[in-house]
Structure formats: structure tokens, C-alpha cells
Amino acid sequence: MSFPEQHFGCEQCGAATDQLLASPFTGAGVIQSIATVHRYQGTDITAPFTIAAIVLDEGPLVNGVLTDRPSAKIGAAVTATTTNTTRDGSDVAELRFTVTVEPS
Ligand SMILES: [Zn+2]
């Protein structure tokens, strides 16, 4: 599995693109690593914000910005949301993650 969707075949077994299947993700996962950005010059988000590497329940590892949880911890369960923002002059829906369960 890969995310985002790609069209150059399977990275693991070499299967051709036409053999790949689309697979919906629930958006649920667990934080594997975390970093807080304190300086950022873009206009689509205001620092500080927190980026996490998240292992989705279906397997793929994705990077995403956490919603207003600078104190989030490794092992926390998260769920995906989207937020509307502007990037390079275009309106886009950006992937974000919200903590649902703190690690015990
Ligand atoms: Zn494969």
C-alpha cells in the first residue's frame, strides 16, 4: 500500500500499475514520531504546529499536521480530518490528524 496514491507500480513487489487496487483508509492510526515546528514562513499554517509520522491502521506510514495538540505523545491514537487552506494561491483541503486517545 502507498499513500498518496501513485501510478508507477508496486514499490514492494514490482506489480504493474493496472494490477494495483484502490483501498479506502479509515483515517485512524497511531503516532510513531513527532516534531514541533517553531519557525515557518509559509502562509498556509501558523507556527508553532506539530507534525507526526502516523502508522495508519491499514499499514501505510503517513506524515501529517496535528490539530492544536502540541503536547501529543508517541503512541497516541489519531483520526484524520481535513482543513481548508490556501497553497500557492489555490484552495486545497489539507490532511490533518486529531488525537482521539492518549497513550496509557
Ligand atoms: Zn506489490
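Predicted model: local features only at pLDDT ≥ 70, side-chain atom pairs only at ≥ 80, totals over all residues.
A salt bridge here is a side-chain nitrogen of Lys or Arg within 4 Å of a carboxyl oxygen of Asp or Glu. Residues are numbered from 1 along each chain as its sequence is written, and side-chain values use heavy atoms, with hydrogens and water left out.

On to the charges. Side chains of opposite charge can pair when their charged atoms come close. Searching the whole structure turns up one salt bridge, and it joins the side chains of Arg-96 and Glu-94 at 2.6 Å, N to O. Both Arg-96 and Glu-94 are buried (under 20% relative accessible area; exposed is over 50%, partly exposed in between, with a 1.4 Å probe and protein chains only).

Next, the cysteines. With a disulfide taken as a pair of cysteine sulfur atoms within 2.5 Å, the count is zero. Cys-10 is partly exposed at 23% relative accessible area, while Cys-13 is exposed at 61%.

As for the fold, five strands close into a barrel, ordered 1-2-3-5-4, with mixed pairing. Strands are DSSP runs (E, at least two residues) numbered from the N terminus, and two of them pair if DSSP finds at least two bridges between them. Ala-52 sits opposite Gly-64 in strand 3.

Note on methods:
Helix = DSSP H or I, 4+ residues; strand = E, 2+ residues; numbered from the N terminus.
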